[in-house]
Amino acid sequence: MKIGKRLLSALLIAAMSLTFALTGCSSQEAKSEEPAGSTSQSGSAASGKKLNVAILLNGTLGDKAFFDSAANGAKMMESELGCTTKVIEMTADETKWVPALTDASENPDYDIIIVGTWQMSEKLAQIAAQYPDKKYIIFDSSVDYTDGKCSNVYSIEYKQNECSFLAGVAGALTSKTGKLGFVGGMENTVINDFLMGYIQGAKAVNPNIKILISYVGNFTDTAHAKELTLAQINQGADVIFQVASNAGLGVIDGCAAKGKYVIGVDSDQALAFQSSDPAKAQSILTSALKRVDISITKAVKEAQAGTLKYGQSESLGLADDCVGLGTYNKNVTKDVQDKVAEYAEKIKSGSIKVDSAFGKSTSEIEAARKSVRP
Amino acid sequence: MNAVMATIFSASFLFSVIRLTTPILLAALAALITDRAGVMNIGLEGIMLCSALAGVVASAAFHSAFLGLIFAIITGVVFGLIMAYSALNLKADIILVGIAINLMASGGTIFVLYSICGDKGNSTSLKSLTMPSINIPVIGNIPVLGSILSGHNLLTYIAFLSVFLIWLLLYKTPLGLRIRVVGENPNAAESVGINVRKIQYIVLIISGVLASIGGAYMSMGYMDKFSRDMVAGRGFIALAAEALGTGTPVGIMGSSLIFGAADALATNLQVLNIPVQFVQMIPYALTIVGLIVYSVMRNRKEKKIGISK
């Protein structure tokens with residue numbers, strides 16, 4: 001009897017843990033335009049053939065940003081290129097990533113496998129070497145191409161510094177106090193790349209601009225992000241740029257509460273709030289976007305035409321429409337928008353070169369921060 | 001340095017200390033009440049997270065913040081009962097039950113969030129409500145003190161009121177005496193006819209209520225939305241605050257305020273451009289310092305009264 005009870009309690013706990021596991025493993029079959037029988041066969045991508053693309057996300061959909069944008073890319077591939085796509089959520093559980101990637105590589109139906117973020121780059125490099133006949137695309141990161149490795153992988157990196165440059169321009173032109181804010185998730189190179197562009201853009205229109213810079217320390221603690229925002233507002237910041245994923249909600253909340261402007265990131269955050277919380281949508285000045293959808297669709301289109309440069313990494317920016325600003329707040333004047341467009345043209349033409357955190361030492365980044373310190 | 005001092009001694013800083021202390025204090029009290037009855041509730045983080053979601057969903061569904069709070073509390077009670085049933089009736093290890101609840105909450109809330117909002121990140125699409133902020137009539141008019149103490153969320157006042165209520169419960173009621181006896185020596189308690197299981201059931205329910213108010217504060221006071229993993233370790237920091245608080249409600253209020261102050265300090269120092277990595281370390285460093293001070297003090301006290309270990 002006692003053993004029975006123990007067993008029951010063990011089962012109860014197992015059932016509870018299972019709930020956790022089950023939330024992860026869902027995969028989403030994207031709507032296919034082709035009848036089931038005509039899906040493309042395995043083998044390398046011949047030009048003009050409709051490709052079968054698998055997108056493996058090392059997270060879950062619903063971030064209203066990065067991964068959702070990749071899923072949107074799947075839809076674009078179907079409608080524009082006639083591809084068959086499948087979006088697989090590998091969840092945030094790192095132990096599932098390599099098995100899922102191996103499974104997809106073993107599957108003869110997939111012509112191209114797409115993954116994203118720096119966390120996948122090393123894993124992809126390992127797997128890609130084992131399946132030299134498969135083709136891979138990685139976004140927002142690059143695999144290691146030294147020694148001629150990864151000749152079947154194409155890497156997409158984003159020039160996030162270019163869209164944050166424009167965010168800096170828009171912010172500095174809107175600010176009345178001459179003080180901007182920046183709330184990052186964690187201090188890493190990508191976040192600092194955003195920061196470098198932001199600083200340069202703000203200084204381009206106002207050489208005396210001051211920027212308060214804080215980091216949450218993670219990408220989930222909304223309350224702490226809000227606290228940082230309120231502290232920045234107390235110090236005089238009136239436009240704050242958030243690059244903190246989910247924690248960024250706290251920044252938006254803080255700015256909305258104090259009637260200040262916030263610049264969103266990764267997706268058009270004003271649109272996300274439009275229906276549920278118009279007051280919050282009103283506090284969003286604009287958003288700095290990384291267009292994962294456009295970039296991966298572009299890559300697949302090139303693959304279909306047989307021109308995709310496997311074995312290389314490309315940085316896509318304003319000139320490729322792969323980064324940019326989202327919709328503007330209705331209070332943003334035409335003058336400001338024109339000015340931003342003017343700078344965007346200058347970046348596209350190459351007459352302005354935007355600072356990047358990549359390849360910069362910690363002390364050089366610190367020097368840039370110091371230059372806008374109040 | 002002047003800028004640092006000016007920040008620390010400003011009213012807005014002290015206001016934010018109280019705001020940051022609230023969730024930690026509620027969860028630490030939840031840890032205290034179970035600890036005093038000899039059960040360890042490490043599922044606080046999970047209970048807070050589930051209650052935070054329940055509050056948001058219910059407030060959006062019924063267009064009432066108070067109904068939201070009530071549903072959050074019901075959620076907390078249900079989890080308290082699940083813990084009690086698994087640990088006390090089924091004799092599962094309560095630590096494992098707590099871990100299971102924490103793991104389940106992290107994934108489970110996202111699952112529920114997705115089923116309701118079609119979104120796995122946050123509850124942006126729900127029109128949820130928040131608990132009101134209260135301006136205290138007389139105190140609110142005192143120049144500096146008013147701006148520190150008045151204007152907080154209702155749940156913040158409930159948190160500090162709970163310190164008094166838990167103190168009252170533990171030291172001034174027969175139930176409190178029984179709770180303490182069960183915690184000291186369950187066999188002795190049983191021998192004098194106290195129903196140990198019943199007492200432990202009661203404390204786990206009270207613990208669930210306190211933790212759920214803490215959770216509701218996160219999503220309906222501090223923030224006005226639910227977002228995944230938004231409790232962000234506060235349930236665990238509360239366990240440290242409880243350990244530091246010498247096992248009394250007032251001690252725990254003190255230790256929670258220390259954590260709140262460290263957090264507020266970390267926030268404000270960042271704005272003053274002190275290196276991020278140093279600043280983010282402060283709350284944790286302070287925990288270690290606090291624990292050392294506590295053990296030194298306890299050792300001295302024990303030496304004084306002649307107990308040597």
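Helices (H or I, at least four residues) and strands (E, at least two) are DSSP runs, numbered from the N terminus. The model shown is predicted: local features need pLDDT of at least 70 and side-chain atom pairs count only at pLDDT 80 or more, while totals for chains, interfaces and linings use all residues. Residues are numbered from 1 along each chain as its sequence is written, and chains are lettered from A and ligands numbered from 1 in the order in which they are written.

**View 1. Asn2(B) in helix α1 of chain B.** Helix α1 covers residues 2-8 of chain B and contains Asn2(B). A residue is buried if 20 or more other C-beta atoms, placed from the backbone, lie within 10 Å of its own, exposed if 12 or fewer, and partly exposed in between. Asn2(B) counts as exposed because it has 6 C-beta neighbours inside 10 Å. Between the C-alpha atoms of Asn2(B) and Met131(B), 129 residues apart along the chain, the separation is 37 Å.

**View 2. The open sheet of chain A.** In chain A, 6 strands in the order β8-β7-β9-β10-β11-β13 form an open sheet with mixed pairing. Its edge strands, β8 (210-215) and β13 (323-325) of chain A, each pair on one side only. On average, and with direction ignored, neighbouring strands of this sheet are turned by 15° against each other. Axes here are lines fitted to C-alpha atoms, for helices over the stretch in contact, and angles run from 0 to 180 degrees between N-to-C directions. Two strands pair if DSSP finds at least two bridges between them.

**View 3. Strand β11 of chain A and its partners.** Strands of a sheet pair through backbone hydrogen bonds, either parallel or antiparallel. Strand β10 (residues 261-266) of chain A pairs with β11(A) in the parallel sense over 5 bridges; Val262(A) has Ile284(A) in β11(A) as its bridge partner. Strand β11 (residues 284-290) of chain A is joined to β13(A) by 3 bridges, and these two strands run antiparallel. Within β13(A), Gly324(A) is the bridge partner of Leu289(A), and Val323(A) stands opposite Lys290(A). Since 7 of the 7 residues of β11(A) are buried, this strand is largely enclosed by the rest of the structure.

**View 4. Helices α6 and α7 of chain A against the sheet.** Helix α6 (residues 189-205) of chain A lies across β7 (179-184), β8 and β9 (239-243) of chain A and runs at about 170° to β7(A). Helix α7 (residues 222-234) of chain A also packs on the sheet, where it touches β7, β8 and β9 of chain A, and its direction makes about 165° with that of β7(A). Two residues are in contact if their C-beta atoms, placed from the backbone, lie within 7 Å.

View 5. Of the 17 residues of α6(A), 12 are buried, so the helix is largely enclosed by the rest of the structure. Among these buried residues are Phe194(A), Leu195(A), Met196(A), Tyr198(A) and Ile199(A). Their cover includes α5 (160-174), β7, β8, β9 and α13 (362-371) of chain A.

**View 6. Gly254(A) in helix α8 of chain A.** Gly254(A) belongs to helix α8 (residues 248-258) of chain A. This glycine is buried, with 27 other C-beta atoms within 10 Å. Not counting residues up to four places away in sequence, Gly254(A) touches Lys226(A), Thr229(A), Leu230(A) and Ile233(A).

View 7. An automatic or database domain assignment supplies the domain bounds; for chain A it gives domain 1 (39-159 + 293-318) and domain 2 (160-289 + 321-371). The C-alpha centres of the two domains of chain A lie 29 Å apart. Their contact takes 13 residues from domain 1 and 14 residues from domain 2.

**View 8. The contact between chain B and chain A.** Here 43 residues of chain B are in contact with 44 residues of chain A. On the side of chain B that touches chain A, two or more residues each come from α2 (11-36), α5 (94-117), α10 (196-222), α12 (249-271) and α13 (276-304) of chain B. The largest share, 11 residues, comes from α5(B).
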